[in-house]
Amino acid sequence: MHNIEYAQADILKLATIGKTFDRIEAVGVLHHLADPRLGWRILLSLLKPNGVLRVGLYSTAARRSIAEARALIAERGYPATPEGIRALRRTIIRNRHEQRWNLLLATADDFYSMSGCRDLFFNVMEHTFTVPDITALLAEFGLSFLGFELDADVVNKFQQRYPAAGALTDLDCWNAFERSNPQTFRNMYVFSVRRNATD
Ligand SMILES: C[S@@+](CC[C@H](N)C(=O)[O-])C[C@H]1O[C@@H](n2cnc3c(N)ncnc32)[C@H](O)[C@@H]1O
């Protein structure tokens, strides 16, 4: 590829680079900022009118067991070292009969690798979001929701429950769907939004 320029920077220092973009992707990044809304604001300042932003954010509902594991880490003081990670794993496996760990052990592949486990539970900063949080962010920043990225079987199940045209981009429907299917966004909410041209 000759038309790609690679660079590396802190999102919080991008506001003054003097460039704008048709498309920006930040999957799994904004929820690690101390102030995710500041990250949104900076990225959106770099997005052209009608530009598309693709975002990935942790779901509060899907990460309930992970929040419990993070609370356990804080309570026991497990460090983010191989020893701390192994100690956490041992505690969870010993208590695997508890429903919260049961689900985690069955669904989180990252639990079984050292680097995966570190990323899953030990990030120093992480926020989680709900669908109403996303709705509020889009209203605040004047963005149109273009849709979630999900496997076809999830989309089929959603459409059986919400067959109306337009339901796929109706965040109220997705909120109701996630309430009855809390693991829907196990791999994060990944979605795209368009910056309204009138901004
Ligand atoms: C869990 S990784 C996600 C990486 C990748 N986007 C993906 O989907 O696999 C989180 C990434 O956010 C980056 N990150 C965290 N804070 C950042 C900041 N202030 N500016 C730029 N990148 C940041 C980290 O360096 C890390 O690579």
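Student: What does Glu-140 count as at its relative accessibility?
Tutor: Partly exposed, with a relative accessibility of 39%. The class runs between buried (under 20% relative accessible area) and exposed (over 50%), using a 1.4 Å probe and protein chains only. Before we go on, this is a predicted model, where local features need pLDDT of at least 70 and side-chain atom pairs need 80 or more, while totals for chains, interfaces and linings use all residues. Residues are numbered from 1 along each chain as its sequence is written, and side-chain values use heavy atoms, without hydrogens or water.

Student: Which residue forms a salt bridge with Glu-140?
Tutor: Arg-37 does, and the closest N and O atoms of the two are 2.6 Å apart. A salt bridge here is a side-chain nitrogen of Lys or Arg within 4 Å of a carboxyl oxygen of Asp or Glu. Arg-37 sits in helix H1 and Glu-140 in helix H6, so the pair ties together parts that are 103 residues apart in sequence.

Student: And how accessible is Arg-37?
Tutor: Arg-37 has 36% relative accessibility, so Arg-37 counts as partly exposed.

Student: How many salt bridges are there in the whole structure?
Tutor: A search of the whole structure finds nine. One of them joins the side chains of Arg-63 and Glu-126, at 3.1 Å from N to O. Arg-63 is in the loop between S2 and helix H2 (64–76), and Glu-126 is in the loop between helix H5 (114–121) and H6, so this pair links distant parts of the chain, 63 residues apart.

Student: Are Arg-63 and Glu-126 buried or exposed?
Tutor: Both Arg-63 and Glu-126 are buried.

Student: Which residue does Arg-100 pair with?
Tutor: Arg-100 forms a salt bridge with Glu-98, where the closest N and O atoms are 2.7 Å apart. Arg-100 is partly exposed at 32% relative accessible area, and Glu-98 is partly exposed too, at 24%.

Student: Which residues are linked in a network of salt bridges?
Tutor: Arg-23, Glu-25, Arg-54 and Glu-149 are.

Student: New topic: how many helices and strands does the protein chain have?
Tutor: Eight helices and four strands. Both are DSSP runs numbered from the N terminus: H or I over at least four residues for helices, E over at least two for strands. Along the sequence the pattern reads β-α-β-α-α-α-α-α-β-α-α-β.

Student: Back to H1, which residues of that helix are buried?
Tutor: In helix H1 (residues 36–45), they are Pro-36, Gly-39, Trp-40, Ile-42, Leu-43 and Leu-44. These buried residues pack against strands S1 (21–27), S2 (47–57), S3 (143–148) and S4 (189–195), plus helix H6 (131–141). Contact means heavy atoms within 4.5 Å.

Student: What about Arg-89, where is its place?
Tutor: Arg-89 is in helix H3. Arg-89 is buried yet has no salt bridge. Leaving aside neighbours within four places in sequence, Arg-89 is in contact with Phe-111, Tyr-112, Ser-113, Met-114 and Cys-117.

Student: Is Arg-94 buried or exposed?
Tutor: Arg-94, which also lies in helix H3, is exposed, with a relative accessible area of 54%. Met-1, in the segment before S1, is exposed as well, at 81%.

Student: How much of the protein chain do buried residues make up?
Tutor: They make up 43% of its 199 residues. The C-alpha atoms fill a box of roughly 55 × 45 × 35 Å along the principal axes. Among contacts between residues at least 6 apart in sequence, 72% join residues at least 24 apart.

Terms used
Lys, Arg positive; Asp, Glu negative; His and termini not counted.
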